[in-house]
Protein chains: 2
Amino acid sequence: MTAEGEELAGWARMLADGTRATVCLALLDGRAWTASELARLAKVSRPTISEHLNQLVSGGLLTEVRQGRHRYVKLAGPDTAELLEGLAALTPRRTEVANSLAAVSKRDAFARARTCYDHLAGKLGVALADAMTERGLIDWSDGIALTAEGQAWLEDLGIELEVRRGRPALRSCLDVTERRPHLAGAVGAALCKHALRHDWVTHIPGGRALKVTGSVQAFGLPVRVVKELQPGPRET
Amino acid sequence: MTAEGEELAGWARMLADGTRATVCLALLDGRAWTASELARLAKVSRPTISEHLNQLVSGGLLTEVRQGRHRYVKLAGPDTAELLEGLAALTPRRTEVANSLAAVSKRDAFARARTCYDHLAGKLGVALADAMTERGLIDWSDGIALTAEGQAWLEDLGIELEVRRGRPALRSCLDVTERRPHLAGAVGAALCKHALRHDWVTHIPGGRALKVTGSVQAFGLPVRVVKELQPGPRET
DNA sequence: GGGACCGTTCGGTGGGGGCCTAACTGTGGG
DNA sequence: CCCACAGTTAGGCCCCCACCGAACGGTCCC
């Protein structure tokens, strides 16, 4: 066999296992998944999925983000996703992959809004990051940073940053339920503290979940989003 | 693992072996290769390549044409070729695959023109099929057939078909050196007989190779092609 | 700090698959 | 008709690798 052949075979080998292929197809939704979720989906043990993820990551098909005790993996880039789509297109039927975790906790208060350490998470946290990005308060071009407008906006809200040694002012944090980044760091903490102090959000006893009031719109969120964040009349 | 994952893995598994990958890359040139050639290229035994080709053909990635004691395989279609290109593009360097057989016999009389059973083959045979196709004498839309113009052309040349029971009038035959179809069947045989009778081509003793004269242009071949078919002054 | 949970490492097991040699079938050329 | 050659079948070898259970760090929540 030739060297090129061996190289091509190396790529193919990553997808040549049913478990790894299942993982990649699940990741086609563009979100980041944890190792345990993938193990459950693929119906294998955690040690097994761990090895598979090692292969896929070191092979360059997947990238990972380690966060606390979690290991999030997602497709390395749009090109690999495209390639995967092309291969998947060869299979006749293609059913939508079941996103078990999201489906289960979708209407849960936990998924709507909660604290993540000292900052806001859930749909609320992600929506806040989105809104600030849209309004030019955050610059993602090189890592993540506040723009001059962003700093002015914080001052307008009366928010002061707690400067602590070694802690970055603004950090992005992958949201557990939304799988998209929300805001952490000193800014994230200050925003959360601010919202709690003014009762824009309140802790729901027995967990990290938050109850959201209409006042959070003061963060500049779209009206539609704020409505979705508030529980219906029957819910707590 | 899921059913879709298993399906995707099935496709990937075909390419997950260095030998099979090498075969597929070689076949990217669009030509048909024999099993032995591929075995030589991939540096494995003939039994081994036979099994690999079974897998690739039954998997739908390759199609085969059995012809006498030869087994020609080529990529199933342009879509699979495209997919393969996409995968191959992931590998950094891609060297041109060495087409050993063609390189060796390229300037050989055998490759230029010869008989194949009772019809013309080699560059001559393929060029003849091409020329007839270009002039609307052959219709490839459903199998292969002579058009009305084609039948008239044969009559003009003074060619009569030997009608034999069970033999199709016109058949395409995969050329050994060119890997593209030339003409067989009653028409192919008649054309060959005609060319030999009028000394447009003559047998080179000791083989099936033919010497080509300028008269073959009467078949309607392009001038450039006829020139290439004739050996240089030093050659036999 | 205690308990729960996520993930990893280690050792062992079983199955699958790629490869070969030897022997056989079938085709084609002279 | 006989030899040469393309390809296949059969049998066996061996390595790779997917998988699991058990045990072990790390992290987070209360």
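Analyst: Let's start with the term itself: a salt bridge is a side-chain nitrogen of Lys or Arg within 4 Å of a carboxyl oxygen of Asp or Glu. We're looking at a predicted model, where local features need pLDDT of at least 70, side-chain atom pairs count only at pLDDT 80 or more, and totals for chains, interfaces and linings use all residues. Residues are numbered from 1 along each chain as its sequence is written, chains are lettered from A and ligands numbered from 1 in the order in which they are written, and side-chain values use heavy atoms, leaving out hydrogens and water.

User: What makes A:Glu64 and A:Arg71 a salt bridge?

Analyst: Their side chains come to 2.7 Å, N to O. The limit is 4 Å, so the pair qualifies. A:Glu64, A:Arg66 and A:Arg71 are also linked in a network of salt bridges.

User: Is A:Arg71 buried or exposed, and how do you know?

Analyst: Buried means under 20% relative accessible area, exposed over 50%, and partly exposed in between (1.4 Å probe, protein chains only). A:Arg71 has 10%, so it counts as buried. A:Glu64 has 29%, so that one is partly exposed.

User: What about B:Glu64 and B:Arg71?

Analyst: They form a salt bridge too, with the closest N and O atoms 2.7 Å apart. B:Glu64 is partly exposed at 29%, and B:Arg71 is buried at 10%.

User: How many salt bridges are there over all chains?

Analyst: The count is 8. One of them joins A:Arg13 to A:Glu6, at 3.0 Å between the closest N and O atoms. Both ends are partly exposed: A:Arg13 has 36% relative accessibility, and A:Glu6 has 33%.

User: How do you know where B:Thr34 sits, and what is it in contact with?

Analyst: B:Thr34 is in strand β1 (residues 33-34) of chain B. Strands (E, at least two residues) and helices (H or I, at least four) are DSSP runs, numbered from the N terminus. With 9% relative accessible area, B:Thr34 is buried. Contact means heavy atoms within 4.5 Å. Setting aside neighbours within four places in sequence, B:Thr34 is in contact with B:His70, B:Arg71, B:Tyr72 and B:Arg179.

User: Why is the arrangement of α2(A) and α4(A) called what it is?

Analyst: Angles under 35 degrees count as roughly parallel, over 145 as roughly antiparallel, 65 to 115 as roughly perpendicular and the rest as oblique. Axes are lines fitted to C-alpha atoms, for helices over the stretch in contact, and angles run from 0 to 180 degrees between N-to-C directions. Helix α2 (residues 18-26) and helix α4 (residues 46-58) of chain A cross at roughly 70 degrees, their axes coming within 10 Å. Therefore α2(A) and α4(A) are roughly perpendicular to each other.

User: Which residues make that contact?

Analyst: A:Thr19, A:Arg20, A:Val23 and A:Cys24 of α2(A) meet A:Ile49, A:His52, A:Leu53, A:Gln55 and A:Leu56 of α4(A). They divide into 5 nonpolar, 3 polar and 1 charged. Ala, Val, Leu, Ile, Met, Phe, Trp, Tyr, Cys and Pro count as nonpolar, Asp, Glu, Lys and Arg as charged, and the others, Gly among them, as polar.

User: What is the hand of the crossing of α2(B) and α4(B)?

Analyst: The crossing of α2(B) and α4(B) is right-handed. A crossing is left-handed if the near helix is turned anticlockwise from the far one by less than a right angle, and right-handed if clockwise.
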